Amino acid sequence: MENKKILIISLYGNNNYGNKLQNYSLQEVLKSYNYDVHTLISSEDQIPYSYSDAMKISFGKYIKFLLKKIMSIFRNIIPQKSNVIENERISNIKKFDKLIKKSEIRIDHNNYEKINNNYNYIVFGSDQVWNPNYITNYSLFLGRKISKDKKFSYAASLGVEKLEDKYKKLYKTLLYGFNEEYISVREDRGAEIINDLNGFNVEVVLDPTMLLDKSDWLKLAKEPSIKPKKEYILTYILGTQSDSRRKIIDGIANKNNYEVINMMDKSNIEIYNSGVEEFLWYIANANLILADSFHAGVFSILFEKEFYIINREENLSYSMNSRFDTLLVKFNLEDRFVYKVEDIDLERKIDYASINKILEEERKKSFEFLDKIIKN
C-alpha cells in the first residue's frame, strides 16, 4: 500500500440526516491521523448473501427486500406525487455525499481480499451498524473475512435492548474475530450485550458527531431558502405523531409565541426536502427542539439548545431507547426524555457550562481509544 488508508463500513442511507453526519464526522476524525479515509458503499441492494447462517436468519428479510424492490420498480413506472416529493428529499440529502469520499471497491463474493489488501484499517461504525433489525449481511457488517489485526469498531450501535436468541450464536462467533481491545460501542447496553455473549469488556465512546466542535458544524450549516418568520420550535419526529400530540405542541408554541417548524411535514415541501446542511441550520437556530431522533438530541447538545426527546408512540417489537439512555445519562440530562409531551417544562433550563465539561472529558476518552489503535 502506497498511502495509509482506512475504510469505513457503515450503514449507508440517503434519507437520514444522522446517517450522513456520523459518516462524515468519523471520516474527518480519522483524517486527522493523516490517513486517506474512504467509505464503503454498502446499501442492501448491493450486498450478496454469502454466509449460510446469516442467510437462514435473514430469509424473511430477504423476501421483504425483494418485494420492496418490486414495488419500487412499479412506483418508478407509475410515478405518484408522493414519490416525486420523496425522491427530491433523498436527492437533497444525498448532495452531502460530495463531502464523503467513497471507496472504489464494490462488494461481491470476491472483494473481501481487495479490502484486506488495500486498507491499513477497516472500521465498523458508527450508527446502528450492528443492529440485527437493520442489516442482512452479517458477514460483512461484523467483519467475518476481514483480518483481525486490521479491523476495529468505533461507536458501533446494536440499537436494541436485548439480542434475540436466534442471533446470539452468530454474533458471538463473529465478534470473536475481533481483538477485544479494538471494539467500542455507542451504548452502555451494547457493551453489556457483548460482555454477556463473549466476556469482552468493551469501551463505550461518543458518537463521532460529538468529536467535532460546534464551530466545525456551524461552518457546514446552510440557511434555508425559506426561513422561519419568528422564533420557533423545531420538531423532528421520525415515528408516527398523533393529532393529540400535535395539538399539545401547537399549544406550547402559541403560549410562547413560537412558530412550529415540522421537518417531517410532507405538506410543507420546502422544509421536508431540506438537505443535511439546512437540517444543521434549523437545529442551530431553534429555540426548542422536540424529537425522537438520536442525532437531533446529539446536535441539540452540541449547539447548546433546549430540547426534549419524546418517546415514540407506536409499539415496536423492539426498543431502541438504550441509545437515548446512554446519551442522556452521560450528560446528566435524564429529565430531557419524556413519554408524554405534557411533561415538557420550559421553565427547566439546561446547564451547558457543566455539560461542556463532561463533553470535553468524554472526547478525551474517545480519542484515547482511537489513539490506542491507530497511533500504535
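How many nonpolar, polar and charged residues are in the lining of the largest cavity, by class? The first legend gives the count. All views show a predicted model.

**View 1. The largest cavity and its lining.**
A search of the whole structure returns 2 cavities of 30 Å³ or more. The largest cavity holds about 60 Å³ of space. Its lining is made up of R186, V205, L206, D207, M210, F294, R323, T326, L327 and K330. By class, that lining has 5 nonpolar, 1 polar and 4 charged residues. Helix α13, residues 322–330, gives the most to the lining, with 4 residues.

**View 2. The second largest pocket.**
This pocket has a volume of about 300 Å³. It is lined by 16 residues, and the closest to its centre are K222, N273, S274, G275 and E278. Two helices, α10 (269–272) and α11 (276–284), each supply at least two residues of the lining. The largest share comes from α11, with 3 residues. By class, the lining of the second largest pocket divides into 4 nonpolar, 5 polar and 7 charged residues.

**View 3. Strand β1 and its two partners.**
Strand β1 spans residues 5–9 and is mostly covered, with 5 of its 5 residues buried. K5, L7 and I9 point one way from β1. I6 and I8 point the other way. Both sets are buried. Strand β2, residues 36–39, pairs with β1 in the parallel sense over 4 bridges. Within β2, V37 is the bridge partner of I6. Helix α1 (residues 17–31) carries the chain across from β1 to β2, and this β-α-β crossover is right-handed. Strand β3, residues 121–124, also pairs with β1 in the parallel sense, over 4 bridges. Within β3, the bridge partner of I6 is Y121.

**View 4. The open sheet from β8 to β11.**
Which strands form this open sheet, and in what order? There are 5 strands, in the order β8-β7-β9-β10-β11, and the pairing is parallel. β8 (259–262) and β11 are the edge strands, and each pairs on one side only. Strand β7, residues 232–236, pairs with β8 in the parallel sense over 4 bridges. Across that pairing, Y232 has E259 in β8 as its bridge partner.

Why is the pair of F299 and F303 tilted? The ring centres of F299 and F303 are 6.0 Å apart and the planes are at 40°, so the pair is tilted. That angle falls between the cut-offs: planes under 30 degrees apart count as stacked and those over 60 as edge-to-face. Both F299 and F303 are buried. F324 and F337 form another aromatic pair, also tilted, at 6.1 Å centre to centre with 45° between the planes. This pair links distant parts of the chain: F324 sits in helix α13 and F337 in strand β11 (residues 337–338), 13 residues apart. F324 has a relative accessible area of 3% and is therefore buried. F337, at 16% relative accessibility, counts as buried as well. The cut-off for buried is under 20% relative accessible area.

**View 5. The aromatic cluster.**
Which residues do ring pairs link into a cluster? Its members are Y24, F96, W217, F299 and F303.

R106 lies in the loop between α3 (81–94) and α4 (112–118). Is R106 buried, partly exposed or exposed? Its relative accessible area is 36%, so R106 is partly exposed. That value lies between the cut-offs of under 20% for buried and over 50% for exposed. Along the chain, R106 and I41 are 65 residues apart. Their C-alpha atoms are separated by 6.9 Å.

Notes
Residues numbered from 1 in each chain as written. Predicted model: local features only at pLDDT ≥ 70, side-chain atom pairs only at ≥ 80, totals over all residues. Heavy atoms only, no water. 1 Å grid on protein atoms, 1.4 Å probe; cavity = no way out; pocket = protein on both sides within 12 Å on 5 of 7 lines; lining within 4 Å. Points joined across faces, edges and corners; volume = space filled by probe spheres on them. Nonpolar A, V, L, I, M, F, W, Y, C, P; charged D, E, K, R; others polar. Buried < 20%, exposed > 50% of the residue type's maximum accessible area, 1.4 Å probe, protein only. Pairing = 2+ DSSP bridges. Right-handed = clockwise from strand over helix to strand, strands pointing away. Phe/Tyr/Trp six-rings, centres within 6.5 Å; stacked < 30°, edge-to-face > 60°.
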